[in-house]
Number of protein chains: 2
Amino acid sequence: MIPMIRNFSERLIVQEVAPRDGLQIEPTWVPTDAKVALIDQLSSAGFTRIEAGSFVSPKAIPALRDGAEVFARIRRQPGVVYVALIPNMRGAQRAFQAGADELNLVMSASQTHNRANMRMRCEDSLAAFADIVPLTAGTAVTLNGTVATAFGCPFEGAIDEDRVLAIVDHYLAIGIGAITLADTTGMANPRQVARLVERVLGRLPASALTLHFHNTRGLGLANVLAAYEAGARRFDAALGGLGGCPFAPGASGNICTEDLVNLCQEIGIETGIDLPKLIAMSRRLPALLGHEVPGQVAKAGRNCDLHPAPWERESAAA
Amino acid sequence: MIPMIRNFSERLIVQEVAPRDGLQIEPTWVPTDAKVALIDQLSSAGFTRIEAGSFVSPKAIPALRDGAEVFARIRRQPGVVYVALIPNMRGAQRAFQAGADELNLVMSASQTHNRANMRMRCEDSLAAFADIVPLTAGTAVTLNGTVATAFGCPFEGAIDEDRVLAIVDHYLAIGIGAITLADTTGMANPRQVARLVERVLGRLPASALTLHFHNTRGLGLANVLAAYEAGARRFDAALGGLGGCPFAPGASGNICTEDLVNLCQEIGIETGIDLPKLIAMSRRLPALLGHEVPGQVAKAGRNCDLHPAPWERESAAA
């Protein structure tokens, strides 16, 4: 009997978010050329979904102020959905014009976090999203609704599960059928994740649910396994584990894509993603960003990347 | 239904290994005074087991050459077992004389790794261990047998499970009833861990089995949960996540004690360990060692360490 991961034959879908959540807090300006090159390389690595930018106030997030230009210049691969993060109607209009395939609407379950990040009440975010739905009706552009701080808020602490479910229900009621539960500052634990995923999967199919974990307290991949075991199949992750938390200098950011793909390969879950290509890309990030990145597999290599025994090294050096 | 962690009410025992596995590859000399202070602080933080040093060749591991002096000078707390790591008879005699409560005999499942680290064949390690058993017979000193590279070898790759079980059986046959399965370079995955733990727990009780994981590829805590779910209850961990891998510069070391204790608190598993004290100790490690350490919770704080909202910070600054 293997207690964990009963249905490990089912594919796990990774949505790569380094171009958006990974870069948004980087102090170094990443030129548009480099962003486009990063996304184009990701497009050829087997991803089916890439969050390519956000359309928020350039004052709030100057690192991503070139979102429209990025969307205009990337080489779109057939079968890849290019997603844009959206806080409000103005952002939705800009992303729609820029040609995003999907608008990922984001609000926080926490009033305090929503006020800090979106400068409005949760109710006002939801009202704005209801107005966005008609914008994409009858087009090929899809909508996703994110519930940020769904597992905890750095200002308020614990977030009531029923509050998260009420926001999910609101998204569904206004016609947004795909949902992301986001652990914005890495406060989730595996038991909580399993419980909330099971409750949400009573409302929508696994193909419409994404989990967004941060590794802030070292639990990112454990949370993925708990969510997968509970039936979730789609996960956000960032190359190199980019995307640190503003409240935790030096702590890890998003769960690391190559670490997640490595885990999947080791336990036999298919992702369709080219791990050696990812590792090579991750190893170039420090030169791009001017600092080390948290991902482990790019430093350690895969299990199958064996080392010569000491006496073999000695004879090679001799 | 909560799919993971069915018996989470059972206590998880953490054996702190920072003084041994954590310090052994540090390039900076940690003075004996500092080692003794570290162990004495750990003794007062709620641990019941501390691996306090090793008795190996001082040429092989100069960082731990003061093992006997460390054992002589620590203030022993009642109820705490102070363990010494031992590769051979010479080490066993020295540790016994130094007053170690437990000798942790170590060999590798991999012939190549055993030859590289112990300079002998696996068979010769096991023969030497059989000679050590009479040394402690009739004394209060206990023996533990470690199987290093039990989940993979950096030189050989995959290690056959039956080979690991045969070594466990050999330990049991020569009268060593407590076993550690060690993932020496972080190659284990949760499915493999669950399977091997279940097989080993067919041979000895959970109270006699320790799991030793490294977080080299980011899977350390996921492996702990898989092992716990499969019935394991004792785990090695190192303060700050010390103990990096010689083959992976910059990669994580042992699983991080405070990250593990934080996980346990969040999901409701008792450890008896004082987390705020651990975090305070971990935050002093960079000054002691001259570099950042991999642990996450010491950087991020606990979930309950809330942050002021931006407008509260502004008014506080005004």
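Helices (H or I, at least four residues) and strands (E, at least two) are taken here as DSSP runs, numbered from the N terminus. The note concerns a predicted model, in which local features need pLDDT of at least 70 and side-chain atom pairs count only at pLDDT 80 or more, whereas totals for chains, interfaces and linings use all residues. Residues are numbered from 1 along each chain as its sequence is written, chains are lettered from A and ligands numbered from 1 in the order in which they are written, and side-chain values use heavy atoms, with hydrogens and water left out.

1. Asn104(A) belongs to strand β4 of chain A, which covers residues 102–108. With a relative accessible area of 4%, Asn104(A) is buried, a word that means under 20% relative accessible area, as against exposed over 50% and partly exposed in between (1.4 Å probe, protein chains only). Residues up to four places away in sequence being left out, Asn104(A) touches Glu51(A), Val83(A), Ala84(A), Leu85(A), Ile86(A), Asn144(A), Gly145(A) and Thr146(A), where contact means heavy atoms within 4.5 Å.

2. Ile39(A), in helix α2 (residues 32–43) of chain A, is buried, with a relative accessible area of 0%. Neighbours within four places in sequence aside, Ile39(A) is in contact with Pro19(A), Ile50(A), Ala52(A), Val70(A), Ile74(A) and Tyr82(A). For Ile50(A), which stands 11 residues from Ile39(A) along the chain, the separation of the two C-alpha atoms is 7.7 Å.

3. The backbone at Thr149 deserves a look in both chains. Most residues other than glycine have a negative phi. Thr149(A), however, has a positive phi, near 50 degrees, and Thr149(B) likewise has a positive phi near 50 degrees. Thr149(A) sits in the loop between β5 (142–148) and α7 (161–173) of chain A, and Thr149(B) in the loop between β5 (142–148) and α7 (161–173) of chain B. The relative accessible area of Thr149(A) is 0%, which places this residue among the buried ones, and Thr149(B) also counts as buried, at 0% relative accessibility.

4. In chain A, helix α4 (residues 89–98) and helix α6 (residues 122–136) pack at an angle of about 20 degrees, their axes being 9 Å apart; axes are lines fitted to C-alpha atoms, for helices over the stretch in contact, and angles run from 0 to 180 degrees between N-to-C directions. α4(A) and α6(A) are therefore roughly parallel to each other, given that angles under 35 degrees count as roughly parallel, over 145 as roughly antiparallel, 65 to 115 as roughly perpendicular and the rest as oblique. Met89(A), Ala92(A), Gln93(A) and Phe96(A) of α4(A) make the contact with Asp131(A), Ile132(A), Leu135(A) and Thr136(A) of α6(A). By class, the residues of this contact comprise five nonpolar, two polar and one charged, with Ala, Val, Leu, Ile, Met, Phe, Trp, Tyr, Cys and Pro counted as nonpolar, Asp, Glu, Lys and Arg as charged, and the others, Gly among them, as polar.

5. In chain B, α9 (residues 220–229) and α10 (residues 257–267) pack at an angle of about 50 degrees, with axes 11 Å apart, and α9(B) and α10(B) are therefore oblique to each other. On the α9(B) side, Leu221(B), Val224(B) and Leu225(B) meet Asp259(B), Leu260(B), Leu263(B) and Ile267(B) in α10(B). The contact of α9(B) with α10(B) has six nonpolar residues, no polar ones and one charged.

6. The surroundings of α9(B) extend across both chains. Because 10 of the 10 residues of α9(B) are buried, this helix is largely enclosed by the rest of the structure. The buried residues of α9(B) pack against α8 (190–200) and α9 (220–229) of chain A, and also against α8 (190–200), β7 (209–212), β8 (234–237) and α10 of chain B. Just after α9(B), Gly231(B) takes a positive phi of about 115 degrees.

7. Finally, the relation between the chains: chain B is superposed on chain A (RMSD 0.0 Å) by a rotation of 180 degrees with 0.0 Å of shift along its axis, the superposition being by least squares on the C-alpha atoms of residues with pLDDT of at least 70 in both copies. The two copies are thus related as by a two-fold rotation axis. In chain B, the C-alpha nearest the axis is that of Ala222(B), at 2.2 Å from it. The same surface serves both copies, since 100% of the contact residues of chain B recur in chain A.
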